[in-house]
Amino acid sequence: MKRVYNFSPGPSGLPEPVLKQAATEMLDVNGTGQSIMEMSHRSKDFRPIIEHAEAGLRSLMNIPSDYTVLFLQGGASLQFSMVPINLAGVEAGEPKKKAAYIETGVWSQKAAEEAAKYIEPVIRASSKDRGFTAIPPAPKPDPEDAFYHITLNNTIVGTKWPDLPETGDVPLAADISSCILSEPLDVSRFGLLYAGAQKNLGPAGVTVVIIRKDLLGRAPAWTPAMLRYDIHAKEGSMYNTPPCHGIYIIGLVLDWLKNLGGVEAIAKINREKAQLFYDFLEESELFQSPVEKTSRSLMNIPFRPVLSDPKDIESRFLAAAAEEGLVNLAGHRLVGGMRASFYNAMPKAGVEALIDFAKAFENSFKNSFKKRKI
Ligand SMILES: *Cc1c(COP(=O)(O)O)cnc(C)c1O
C-alpha cells in the first residue's frame, strides 16, 4: 500500500492514526460487538460517541456554555438556506428582513443568492472588482441588518479574513467550512458558525453548527422541521437519524488534534506549512500567488505560472505531480490554475515534498521562460 499526499480542497485527507483506529474498530466499536454503521442512534452505545464528539469540539474551540452545538446534514450549502430562514425569516406576507453579506468569493455569493429566496441580503462590501484576491475592508454593521454574514476562509480563491469584523449587536454568522480548528477562533464574537466536516473535521455528510442560544426559536412557522435549529437543538441533533459514522470519525479527529496539543499547536504547524509554500512562491520565477499578502489563507493556496499562456505548463505540472504521489492540485474549475490545500491532516513533510517537486519542475523549465511577474 502506498498513500499519496492529497492536496484536495475537500473532501480531503484525514489523519492516518484516525483512519487506522477506525479500521481497527470497523467490526467492533468500543467493545459493543457492532460497527458504528450498524448501531442504533437511539442506543446507549451511540450516546457516548456523539457526546464525545461534542465535548471534544467544545473543549478544543472553547465554546461557551450559552452556545449549542449541532451535528446536521446537507453540507455547508444547506446552511446557506438555514441561516437566513432561522435568523431572519418572516411569516408569509410580511416584508422581508435585511441582512449584511460580505462578498469574498463563490461560496459567499452562493450564500447570498440562496438567502435572497427568504430575506433581503444586502452586499455591504465586495472584492469582486479585484477578482476576490483580497478581503475588502469590513463595513460597520447596519442596525437594520438581522445578521452579518462572512466566509471566514475562501476555499476557492485562497483568502481569509485577517481580522474579524466588529458587528456590535448585529449577530456575526460565518461559514468556517475550510478553516474550522485551523487557528484559534473566539467563538464568543459570533452568533452562529457553520462548517461542512469534509475539510478539516471528518468525512462528508456532517455539518457542524454552533449557535448562540438566544438566536434559537426565531424561525417562522412555515419552516420545515428539518431546517429548524431549535428542533435539532431540543432533540440533541437526533430529531432524525444523525450521520452516526461521520460523527464518530469527527470524535477521533478531535482526539488526534487534542493529542497533538490542540488548536494552538496545530495553528503553529499550519502557519509554518503555509509560510514554507508562500516563501517558495515568492522565490519562484515560474509560479506566483494571485492573492494579496494581507488576505492569504493558511489552508488553500492557489498558484499559477507567470506565463501568459500557462495551460500547457499547468497540465504538465499536474500530471507529473500525480506521478510522484502529489494529487488533487488542480485549481477550482471557476478560477483555473493550481491550488494546494494544507488542512490540519496534511503533514509538513507533504508540503516539503510538494515544494521539492515544484522546484525540480521549475528547474527543468529554466530556459524556456523569462521572469515576468505581474
Ligand atoms: C466546501 C465549502 C462549501 C460547500 O460545502 P458543502 O458541504 O459541499 O455544501 C461552502 N463553503 C465553503 C467555505 C467551503 O469551503
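The lining of the largest pocket has 13 nonpolar, three polar and six charged residues, where Ala, Val, Leu, Ile, Met, Phe, Trp, Tyr, Cys and Pro count as nonpolar, Asp, Glu, Lys and Arg as charged, and the others, Gly among them, as polar. The model is predicted: local features need pLDDT of at least 70, side-chain atom pairs count only at pLDDT 80 or more, and totals for chains, interfaces and linings use all residues. Residues are numbered from 1 along each chain as its sequence is written, and side-chain values use heavy atoms, with hydrogens and water left out.

**The largest pocket**

The space in this pocket amounts to about 300 Å³. Of its 22 lining residues, L152, W161, E183, P184 and L185 are the closest to the centre. Both domain 1 (16–260) and domain 2 (262–373) contribute at least three residues to the lining; the domain bounds come from an automatic or database assignment. A pocket is an open set of points on a 1 Å grid over the protein atoms alone, with protein on both sides within 12 Å along at least five of seven lines, whereas a cavity is a set where a 1.4 Å probe fits but cannot get out; lining residues have an atom within 4 Å of a point. A volume is the space filled by probe spheres set on the points, which are joined across faces, edges and corners.

**The ligand site**

Around the ligand are 13 residues, of which S77, T155, D175, Q198 and K199 come nearest; a residue belongs here if one of its heavy atoms lies within 4 Å. By class, this shell holds three nonpolar, eight polar and two charged residues. Helix α3 (residues 75–88) supplies four residues, the largest share of the shell; helices are DSSP runs (H or I, at least four residues) numbered from the N terminus. Polar contacts, pairs of N or O atoms within 3.5 Å, are tabulated below.

| Protein group | Distance to a ligand oxygen atom |
|---|---|
| A76, backbone N or O atom | 3.0 Å |
| S77, side-chain N or O atom | 2.6 Å |
| T155, side-chain N or O atom | 2.4 Å |

On its own the ligand has 390 Å² of accessible area (Shrake-Rupley method, 1.4 Å probe), and the protein covers 86% of this area.

Two cavities of 30 Å³ or more are counted. The largest cavity, of about 60 Å³, has K199, W256 and N344 among its lining residues. Its lining divides into seven nonpolar, four polar and one charged. The second largest cavity holds about 40 Å³ and is lined by T104, G105, V106, W107, N154, T155, I156 and V157.

Notes
Polar contact = N/O pair within 3.5 Å; in protein donor to acceptor, adjacent residues only side chain to side chain. Helix = DSSP H or I, 4+ residues; strand = E, 2+ residues; numbered from the N terminus.
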